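Please keep the sequence and the structure in view while reading.

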Amino acid sequence: MRSGLKGVVKKGLGEMGFNAGGGAINWFPGHMAAATRAIRDRLKLADLVIEVRDSRIPLSSANEDLQPQLDAKRRVIALNKKDLANPNIMHVNCLFLASSFSFLLLDSILYPFDCKWIRYFDSCKQDCIPINAHSKSSVQKLLEVVEFKLKEVILREPTLLVMVVGVPNVGKSALINSIRQIALSRFAVQEKKKRATVGPLPGVTQDIAGYKIAHKPSIYVLDTPGVLVPSIPDIETGLKLSLAGSVKDSVVGEERIAQYLLAILNTRGTPLHWKHWNNRKMDGIRFESEEKHKYNPKDLRPNSRKPPDVSDVVYVENLVTEVQCAIYKTLAEFNGNVEDENDLENLIEQQFEVLQKALKIPHKASEARLMVSKKFLTLFRTGKLGCFTLDDVPETNTVS
Ligand SMILES: Nc1nc2c(ncn2[C@@H]2O[C@H](COP(=O)(O)OP(=O)(O)OP(=O)(O)O)[C@@H](O)[C@H]2O)c(=O)[nH]1
C-alpha cells in the first residue's frame, strides 16, 4: 500500500474509534451469526456452490471463515458486477476455468495481456467467471459452467441443490432472479413465480430461500443472506468492503469512506486521466453552486418540485463531469506530495470543499459534509466515476 494512503487508513483507526482496542471495522449483527450457522449446515447438502464475489474486490469480498468448507465443495466463483470493475483485468471474454475443465478454455489469444485476476484464480486451480448478474447472456455463461460441473451428478441424483453464497450486497439475489428467468424459459418450471428481493443496501436477504429452476432432475437454488466474518482481518479490507457497499455505511461513516475513496483516487493519479475523458466538456464547465437547490441526499437529483431543464441523464452526466473536473483541478494544482500522509489529508480537505460546490450542495447546509460524502459514494458505487478494481493481484501467485 502506498505510504500516504496507508497513513490515512491508519489514522482512520484512531479517529473512528470503533472499539477501545484500536478500531477494527466489523459488522456482524445477530442475523448474520444465525445465518452463518444455517449456511454451514446447508453447505453439507449442497451439490455445488456459486460463491459470489465483487469484481472490484475479488479477494476482500471472500468470506474467509467459509473458505475451508467451500474449498471442499464443487464451486464456481462468480465475480459479479464486472461492469463496475476495471475492464483490463475483468475482460468480457475472460471465462477461465481451472485445468480440470481445460477443454472449455477460451483460446489464449482471446485473453488480453493483463487479464491478471483471471490468471490468478487459474493459478489457484479455482473455476471463476466474471459476470454481470443483470445480464442474461452473462448469467447464461455461468449456468453453462454450473451444468458442466454437475454433469456427473445429474445422471444419478433426482434432486440437486445449488447454493449461492457471498458477503452482503454482492448481487446474490439479483443473480438468482436472472437464473430463474433463464430457467423458467428453458425448463418451463411449474411453480409460483416468486422473486428474490434485491436492494442497494446490504443485509436485504435475511432468510435462506429456495427456488426451483429445473425438473427431471429437480434443481433447486438456495439464496442465502450475505454474511461477513465476525472479525474483518484488517482496516483496509473493511474500508474496501464498505466502499463496495458490503458493510452498512453507518458502521464506518460515510465521510470516512469518502475520504478513503479520495485517498485511493489521488494516490493512483486517477483524476489525471479524467482530464482526457472530459476534455471537451471541461472548458465549458460552469459551477452552479450559487443556485439554491433543496437537496435530497438519498439520490443525485435536486429535491425541487420543478424538474430541472435538462433531462435526468444529462443532469447526472453534467454532475459527474463537474465532480471529475473539480477533483482533477485540485490534484493537478496541488504542490504537496500525495505519498505524504499530512499532504494527502490536506488535499482531501480541499477536495471536500470543491466537491460541495460541484455537487451543488448549499454552503449553509448543516450536514453538507455528510451530503457530499453520500453523493460522492453514490457516484462511485453506480460506476459513474469509472470502473475500478480496488484489490491488488497477489504477486506471488500471478502467472507471468
Ligand atoms: N452494476 C451492477 N449492479 C449489480 C449487479 N448485481 C447486482 N447489482 C446491484 O447490487 C445491489 C445488491 O444486489 P442484491 O442482489 O440485493 O445483493 P445480495 O448479495 O443479495 O445482498 P444481501 O441481501 O445484502 O446479501 C442491487 O442494487 C443490485 O441491483 C451487477 O452485476 N452490476
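Asp-41 is partly exposed, with a relative accessible area of 45%; here, buried means under 20% relative accessible area, exposed means over 50%, and partly exposed lies in between, for a 1.4 Å probe and protein chains only. The model is predicted, and local features need pLDDT of at least 70, side-chain atom pairs count only at pLDDT 80 or more, and totals for chains, interfaces and linings use all residues. Residues are numbered from 1 along each chain as its sequence is written, and side-chain values use heavy atoms, with hydrogens and water left out.

**Salt bridges**

Asp-41 forms a salt bridge with Lys-44. The term denotes a side-chain nitrogen of Lys or Arg within 4 Å of a carboxyl oxygen of Asp or Glu. Lys-44 counts as exposed, at 61% relative accessibility. The whole structure contains 11 salt bridges, and three of them are set out below.

| Salt bridge | Closest N and O atoms |
|---|---|
| Lys-44 with Asp-41 | 3.5 Å |
| Arg-53 with Glu-51 | 3.1 Å |
| Arg-75 with Asp-71 | 2.6 Å |

Which residues are linked in a network of salt bridges? They are Glu-51, Arg-53, Asp-71 and Arg-75.

**The protein as a whole**

The secondary structure consists of 13 helices and 6 strands. Helices (H or I, at least four residues) and strands (E, at least two) are DSSP runs, numbered from the N terminus. The protein has 400 residues, of which 52% are buried. Contact means heavy atoms within 4.5 Å. Among contacts with a separation of 6 or more, 73% join residues 24 or more positions apart.

Tyr-211 lies in strand β5 (residues 209-214) and is buried, at 5% relative accessibility. In sequence, Tyr-211 and Asn-177 are 34 residues apart, while their C-alpha atoms are 9.3 Å apart in space.

**Packing of helices**

Helix α11 (residues 312-332) packs against helix α12 (residues 341-358) at an angle of about 150°, with the axes 9 Å apart. Therefore α11 is roughly antiparallel to α12. Axes are lines fitted to C-alpha atoms, for helices over the stretch in contact, and angles run from 0 to 180 degrees between N-to-C directions. Angles under 35 degrees count as roughly parallel, over 145 as roughly antiparallel, 65 to 115 as roughly perpendicular and the rest as oblique.

On the α11 side, the contact involves Leu-319, Glu-322, Val-323, Ala-326, Ile-327, Thr-330 and Leu-331; on the α12 side, it involves Leu-347, Gln-350, Gln-351, Val-354, Leu-355 and Ala-358. These residues divide into 9 nonpolar, 3 polar and 1 charged. Ala, Val, Leu, Ile, Met, Phe, Trp, Tyr, Cys and Pro count as nonpolar, Asp, Glu, Lys and Arg as charged, and the others, Gly among them, as polar.

Helix α12 also meets helix α13 (residues 368-381), where the axes come within 10 Å and cross at roughly 85°. Therefore α12 is roughly perpendicular to α13. Glu-349, Phe-352, Leu-355 and Gln-356 in α12 are in contact with Ala-368, Arg-369, Val-372, Ser-373 and Phe-376 in α13. This contact comprises 5 nonpolar, 2 polar and 2 charged residues. Leu-355 takes part in the contact with α11 and in the contact with α13.
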